[in-house]
Amino acid sequence: MSILTFVSNVLSIGIPFSVALLLAALGEMFNQRAGIFNLGCEGIMAMGAFLGFIPAYFLQNSPLAGYANLLGVLAAGGAGILLGLLFALATVTFKAPQGIAGIGLQMLGWGTAGTLFRHFVGGVTGIPGLPSLPIPGLSKIPVLGPMLFSMNAMAYLAFLFVPVSYYLLFKTPWGLKIRAVGTYPRAADTMGINVTKTRYQALAMGGLLAGLAGAYLSLGQAKMFADDIVAGRGFIAVALVYFGRWHPAWILGGSLLFSIAQSFQLAIQVMGIKFPYEFAVMLPYVLVIVVLALTRSSAVRGPAELGKAYDREKRI
Amino acid sequence: MKKVVLAVLIALMILPSAFSAPKAKVKIALIVESTVDDKGWCQAMHDAIMAVQKKYGANLVEYSYTEKMKPVDAGSAARQYVAKGYDIIIGHGAQYKNLILEMADEFPKTTFAFGTSGEIGPKNVFTYMPESEETGYINGVIAGLVTKANIIGLVGPVDGGDAARYNRGFILGVKSVNPKAQVQVAYTGSFGDFVKAAELAHTQIKAGADVLTGSAQQALGALRAVAEYKDKQIWWLGQDTAQLAVPESYKVIAAASYAYEAVVEALIDKRQSGVLGGESIPLNFSNGGFVYQFNDKVGPVLTADIRKAAEKAKADITSRKLVINWKDVK
């Protein structure tokens, strides 16, 4: 195998596998920019994966089969919003500790998805999932074509959402409000920004994206559902927000780096290079930790009020 | 010929079973990390206990189970079973080892079991170990004969336990019929990460593999990935017969399964004869611990010659004519 083929294979597998991480991390970025730390991302992804799967499973042999994937994506996104709002109720309105509430949400999502799956489906089974959508002309470009222009519709939209989220966060009044309530909510409140409402909106956006990330796992990646389908990717997404310095472009870079490292370590194992596989499996995680450790300035760029509930009546 | 077959069948029917019915009522509890209908690891043991219960009757074999038990949570479930007078408590997975050893020390009159493990435990702990190099070898024979590219992909969970034995047996099976074939071995590092297993299967296929195999729950993800190459001659050999009943089964040439009935019956038999533990119970073709099935719906890829070679390997393994030195494979 030539080096070019090797690189092409690694990238063409690694890039699509970054999509779930990218969506979830962008969602978590909105949460954290508004000052809320949502460890429940994993649970929302589990629910998103389940609800993304269900229409495709039940409608695959019906006249509505053509709409199944769309229905799944909508259901996953809707459930994500609801779970995001539930988390907002707990952490913004009732000011529950965010870490504990996040773990609770993770358990709730994981447990509910698993229980419903067992009740309605029973065992692991496949679905047709999202088809590849090669872009005419572009997909035929040597090397780059299979890498970048032969993915499914959700993957294209996810990558398009990177500039969109940059625009939303840095170029719109809504984005300014989000950043303001995450940096100095008292000042934002003084300026007439409704901190509670803004944080609810950010958490709904975060939930939506986490739900879609889950749907991508079941519809676009595995094309099946199982209890542990998320397998810690929600937590990796949280880490990628720190890695990405709460910025969409850096988060895209982190998601790609992690997924390509993952694909690379699998490829070197397949090539039979004598190397303990345990180290190969660790490689993507170690890489993220090393980069996090080397980017010390990330701490000062984080939202100043991250993880703190806002209480208007509290005296400073 | 018909008479010979009939005579063999009658002989098989009247042959005494290796195990007799329990002399007294036995209460068995199962603790699993997944669910008893997971179409894989946990269901295999659950089905075996249910089969034994059906064989001897619920009045002789009482059975309960607890699902979704992480090792840290499983202790309370095990204690409740001890308090309710259960005779045999099975923690189905090597992850329960520490818990089982602690409980065994505390409750010496209860029989505990965990697997897969070949370790010899304390006097009231049994372990069980599938000698899965046997099923791996047969799958390897088929893979070696089916491959056109002479590249075979192995999607491993981890290099340990029965998965390691399966993988090594598979490599030996391939080499026995096709020394030129190259087996690409890689691991996901997880028993249950379907997504990563699918990613690894795609990597294997892009690297030229036209026959793939893998074990543990995660293998379903790899099979799903193989099924995406619907119109290509890329095939799968399973280590779970449940894979013959999934929609992707048109890619599965054959599959093996563990039949834990042999373990369950041995546990009951040994306990009732006064042996509470201190032994490792193997699962192999000789003691009926494995089931092997060809997929007749897979089409012309499964030729008569390939089936014959696999059946010969199975017969030789069962009769111990063929010994698989899986430990020799590094």
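Me: What is the mean pLDDT of chain B?

Reply: Chain B has a mean pLDDT of 90, with 95% of its residues at 70 or more, where pLDDT is the predictor's confidence in each residue, from 0 to 100. This is a predicted model, in which local features need pLDDT of at least 70 and side-chain atom pairs count only at pLDDT 80 or more, while totals for chains, interfaces and linings use all residues. Residues are numbered from 1 along each chain as its sequence is written, and chains are lettered from A and ligands numbered from 1 in the order in which they are written.

Me: And which elements of chain B have the lowest and the highest mean pLDDT?

Reply: The lowest mean, 46, belongs to helix H1 (residues 2-14) of chain B, and the highest, 98, to helix H5 (residues 133-146) of chain B; helices (H or I, at least four residues) and strands (E, at least two) are DSSP runs, numbered from the N terminus. Over residues 4-16 of chain B the pLDDT stays under 50, and the model has 0 contacts beyond four places in sequence for them, a contact being two residues whose C-beta atoms, placed from the backbone, lie within 7 Å.

Me: OK, how is chain B divided into domains?

Reply: Chain B has domain 1 (19-131 + 259-283) and domain 2 (133-238 + 299-328), with bounds that come from an automatic or database domain assignment. The C-alpha centres of the two domains of chain B lie 30 Å apart, and 8 residues of domain 1 are in contact with 7 residues of domain 2.

Me: What order do the strands of the parallel sheet take?

Reply: That open sheet of 6 strands in chain B runs E2-E1-E3-E4-E5-E11, with parallel pairing, and two strands pair if DSSP finds at least two bridges between them. Strand E2 (61-66) and strand E11 (279-283) of chain B are at the edges with a single partner strand each, so one side of each has no neighbour in the sheet. Inside it, strand E3 (residues 88-91) and strand E4 (residues 111-115) of chain B are joined by 4 bridges, and B:Ile89 has B:Phe112 in E4(B) as its bridge partner.

Me: Which strands does helix H4 of chain B lie across?

Reply: Helix H4 (residues 97-106) of chain B lies across E3, E4 and strand E5 (125-130) of chain B, at about 165° to E4(B); the axes are lines fitted to C-alpha atoms, for helices over the stretch in contact, and angles run from 0 to 180 degrees between N-to-C directions.

Me: What about the sheet with mixed pairing, which order does that have?

Reply: The mixed one is also an open sheet of 6 strands in chain B, in the order E7-E6-E8-E9-E10-E12. Strand E7 (182-187) and strand E12 (290-294) of chain B stand at its edges, each with a single partner strand, so one side of each lacks a neighbour in the sheet.

Me: Switching topic, how many residues from each chain are in the contact between them?

Reply: Chain A gives 28 residues and chain B gives 30. On the side of chain A that touches chain B, H12(A) gives the most, with 5 residues.

Me: And how many helices and strands does chain A have?

Reply: Chain A comes to 14 helices and 2 strands, and its C-alpha atoms fill a box of roughly 65 × 50 × 40 Å along the principal axes.

Me: Last one, what are the scores of the model?

Reply: The model scores ipTM 0.85 and pTM 0.86.
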